[in-house]
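Work through the exercises below with the sequence and the model open. Try each task before reading its solution.

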Amino acid sequence: MQAWRVHRNGEPSEVMELEETDRPVPGDGQVLLKVRAANINFPDALLCRGQYQVRPPLPFTPGVEICGETEDGRRVLATPSLPQGGFAEYVVADEAALLPAPDALDDAEAAALHIGYQTGWFGLHRRARLQAGEALLVHAAAGGVGSAAVQLGKAAGATVIGVVGGPEKAAIARELGCDLVIDRRSEDIVAVVKEATAGRGADVVYDPVGGDAFAKSVKCIAFEGRVVVVGFASGTIPTPGLNHALVKNYSIVGLHWGLYNTKDPAAVRACHDELAKLAAQGVVKPLISERAPMADAARAVQRVADGTSTGRIVVLPSGGTR
């Protein structure tokens, strides 16, 4: 079979190589899956760079989530077992963790429903306890993680303020349903949020960016607000002043979705059931900006790494979408 492999750490476009290799062999409790679609996540870039919290042995295949097909023809969502990730024609995955692919979504959309939307749901509902009528500030609102949070925030009845970089991404954020869009390149995030909320600030901040995004967020956080720390796409990990959190009476909550897989897998399944219902109702639908052929996977991962992509880029090893 064909698979993209990384033999040394570095930028995805430089270190990912398309190779012929043997199909992986399932171990106890695992199944072999044909990859129908593999969604690209920012952690795939971090894996290539050797900067992710999980560091598989070299060589490895990146790709942390897929829509696959079982030997009996069922479409399922899975997180492949590294070091044999999803940018390949076949993967193995833990059978107990397989989730049914929603009928309302095609392969590419289904592949993108898993980690990003689960992260959004757990972040907004389990960690931040988002309530209808609250103001939700979403950074990188036109990106893969941010776009999911925008849709889930609207589904929860929140007023969603999206932060983006540039007019093209601003247009996408509006199409996603943001009530207000802030272009961080030309507008003052803090001033616009305070004006839009009559001085109160954002009740919940969803931050997959870190760095300056976090610094601006805590300047416009509401009384009893919650900042959900999802990731550090900016490359800068904030060092929050806890005296500031004390004086302004807000909470900083972290979210590592992967822990739920091991510590509360029932919650993951319950979340998937809720997401499938929302997909069936048309309330959430992953924004797929590109369906890339297998040969273009390395360049596509690099675009995600560079922050130039919008929504989700999905690799289609078999060339199909359903």
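The model is predicted, so local features need pLDDT of at least 70 and side-chain atom pairs count only at pLDDT 80 or more, while totals for chains, interfaces and linings use all residues. Residues are numbered from 1 along each chain as its sequence is written, and side-chain values use heavy atoms, with hydrogens and water left out. Helices (H or I, at least four residues) and strands (E, at least two) are DSSP runs, numbered from the N terminus.

**Exercise 1.** Determine how the axes of helices H2 and H12 cross, and which residues make the contact.

*Solution.* Start with the axes, which are lines fitted to C-alpha atoms, for helices over the stretch in contact; angles run from 0 to 180 degrees between N-to-C directions. The axes of H2 (residues 42-49) and H12 (residues 297-306) come within 8 Å and cross at roughly 100 degrees. H2 is therefore roughly perpendicular to H12 (angles of 65 to 115 degrees; under 35 is roughly parallel, over 145 roughly antiparallel, the rest oblique).

Next, list the contact (heavy atoms within 4.5 Å). H2 contributes Phe42, Asp44, Ala45 and Arg49, and H12 contributes Val301, Val304 and Ala305. Sorted by class, these residues are five nonpolar, no polar and two charged. Here Ala, Val, Leu, Ile, Met, Phe, Trp, Tyr, Cys and Pro count as nonpolar, Asp, Glu, Lys and Arg as charged, and the others, Gly among them, as polar.

**Exercise 2.** Give the strand order of the open sheet of six strands and identify the strands at its edges.

*Solution.* Two strands pair if DSSP finds at least two bridges between them. The order is E10-E9-E8-E11-E12-E13, with parallel pairing. E10 (180-183) and E13 (251-254) each have a single partner strand, so one side of each has no neighbour in the sheet. From one strand to the next the twist averages 20 degrees.

Leu137 has Val205 of E11 as its bridge partner. Helix H5 (residues 144-155) packs on the sheet, touching E8, E9 (159-164) and E11, and its direction makes about 165 degrees with that of E8.
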